[in-house]
Structures are given as C-alpha cells and as structure tokens.
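The sequence and structure come first.

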Amino acid sequence: MSVQNNLSVNTSHYNQLYEGLDIAELVRKFQNPEKLFERSQRKVLSTKAFFSGAFEQELSNKCVLEVGAGNGLLTCLMSHFGALVTAHDISPKSANLISELATALNFKVATYHDNLTELPVDDRSFDFVVGKSILHHLTHELEEQYYQKIAALLKDTGQARFVEPAHNMPFLRKLLLLLPSGSRPSILKKQAYKTFKNNDPHPERDNSSKHFRAVASKYFYQVDIKPFGIEQSIIAFFPKGWRGPKLEAFLQKILSFLPSWFHHKLAKVQVISCAGPKRFPKA
C-alpha cells in the first residue's frame, strides 16, 4: 500500500466513522470528568495504559500534540488536566468534531487535519507528542515519516508517548483470529473475513515491540516499551460465562510473579515512550 493510498483509506474510513457522532452525547460524558476518567481507566485498556505512571499529573501547562485525536475524548481529558492541546487527525470530520466539543466544554484546543508531515507548526513547539492506537494504522514508510516529524516538533526535553497493539507472538495472534472479536469475524469464515479485510483501514505491517523499538530508536536516543493487558489476552480463551472482574483480578495476581519477558510476549497493548529527540539537517 502506498503512502497516499494509506492516507486516503484512513481519511475515508474515519470521515464515515465520525460523521454521525452526537456532540451532545460526548458533552454529557464530561459532566463529571473525574468519573469519566476513572471509568475509562477501568473499562478501556488503552486508556489505562496511556495514563499509566500517573501521566495525567505531568500535563499541567504542557504543550501537547495529540496525533490521531479521533472523537476528542482523550483530547478533552488532557485539557481537563491542564494541558494545552493541539489535536491532529487525518479526518477533517474529526477536526470539526473536536472543535465543537472543545468549544462546548470551554477548552482551548487547536485542531488540524491532513498528513501530519505537513503540520504548519514550528519545530520544537511541544513538550509531549502523544497518540493512542494510531501508529498501527500507518504503513512502515509513513510511520517513519511521522516519527521524523514528531522528533522535529518536540522540544529538546520533550517526549513522545504512544499506545499500540502488541503482536509479539505470531502463533498466538493466529490462534486469536480463530475467535470473532467485535466486527471482525473468525478467520474460519473465509468470505466474511475477506470482506472484513477489504474494508479494514489497517495495513499489513509489523506491530511487535521489536519493530516499534527499532523505528523509534532511529529518531530518539531513549526508547522504553512497557506491556499491558496480558490477563486480557488470556481471558479471551475462557468461556464468556467465566469472564469478569474476579477472573481478571485472579489472573493479575498470578501473572505478577512472571518475568517481564513473559508479559511482553502476551501483552495486548504496549506503551512506547521516547525521549531525547534526534536532530537531523533539513533536506
């Protein structure tokens, strides 16, 4: 898939996704932002991973660029914690949605859409560049372009932080494809799975920790990757009637005794933290 096709497919997909979102419903969720934050941490693994290490406490008065800002809920949560957020998304529908949502909630948020590499912002403008479930939507070529732009946009002391799927066990990944998940049918239903893949905005690519570390290290001096959600990967193999908070808590206790490499292997998502942006001469 070419870079231009990658951008076009994602733009079309997310324009359709955000077309019908109800601003009033999003605003209603923010009537109690602390409750929203607590519930999101508890219910959404990627949000829990994103704010791990009490990241929300580092946001006050910091200039933050959010890449792949989507429906704006993460944007507004960061704004609630005092960040000065610039929200970017490939979809113009997303940018419009976030502008309306931020205005309704009295947050000051700048919004941009289109290719991140063309963002009209000065280099070294941000303390943080962050994203949740964005890099795995990019081809490897476009991912490299984004990283180079991100490193340039960060201050010398700035940091990048991304939460991405963790595909560190190809065999397990293939096993999980046997089970339906959300809108994805089982790979055993060949025609349905083929139709799903034809409409899937995710390119075929490597989402392993090894890959993310290798790419990030080209543009940052320090790269750290932490695994999350090993218990959720294992729960997927239990019957639905067995699943729940008690099973998850039991697994967390048992799995806490296992070495870090085991967690990396079975993690569902990973937090990629980068510091020390490398500087490159302008072309």
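## Nonpolar surface patch

In this predicted model, Leu-175, Leu-178, Leu-179, Ile-187 and Leu-188 make a nonpolar surface patch of about 400 Å². One of these residues, Leu-179, sits in the loop between helix H8 (170-176) and helix H9 (190-198).

Leu-179 has a relative accessible area of 35% and is therefore classed as partly exposed. The class applies because this value falls between the 20% limit for buried and the 50% limit for exposed residues.

## Positive surface patch

A patch of positive charge on the surface is formed by Lys-29, Lys-35, Arg-39 and Lys-43. Helix H3 (residues 33-43) supplies the largest share of this patch, three residues.

Lys-29 belongs to helix H2 (residues 23-29). Its relative accessibility is 34%, so Lys-29 counts as partly exposed.

## Strand E7 and its partners

Strand E7 (residues 269-277) is mostly covered, with eight of its nine residues buried. E7 runs antiparallel to strand E5 (residues 154-165), and seven bridges join the two. E7 is also antiparallel to strand E6 (residues 220-228), to which eight bridges join it.

Which residue in E7 is the bridge partner of Val-163? The partner is Val-271. Lys-226 also stands opposite Val-271 in E7.

Terms used. Residues numbered from 1 in each chain as written. Predicted model: local features only at pLDDT ≥ 70, side-chain atom pairs only at ≥ 80, totals over all residues. Heavy atoms only, no water. Patch = residues over 30% accessible without salt bridge, like charges linked within 9 Å, V, L, I, M, F, W, Y side chains within 5 Å. Areas by Shrake-Rupley, 256 points an atom, 1.4 Å probe, with all protein chains shown as cover. Salt bridge = Lys/Arg side-chain N within 4 Å of Asp/Glu carboxyl O. Lys, Arg positive; Asp, Glu negative; His and termini not counted. Charge placed at Lys NZ, Arg CZ, Asp CG, Glu CD. Helix = DSSP H or I, 4+ residues; strand = E, 2+ residues; numbered from the N terminus. Buried < 20%, exposed > 50% of the residue type's maximum accessible area, 1.4 Å probe, protein only. Pairing = 2+ DSSP bridges.
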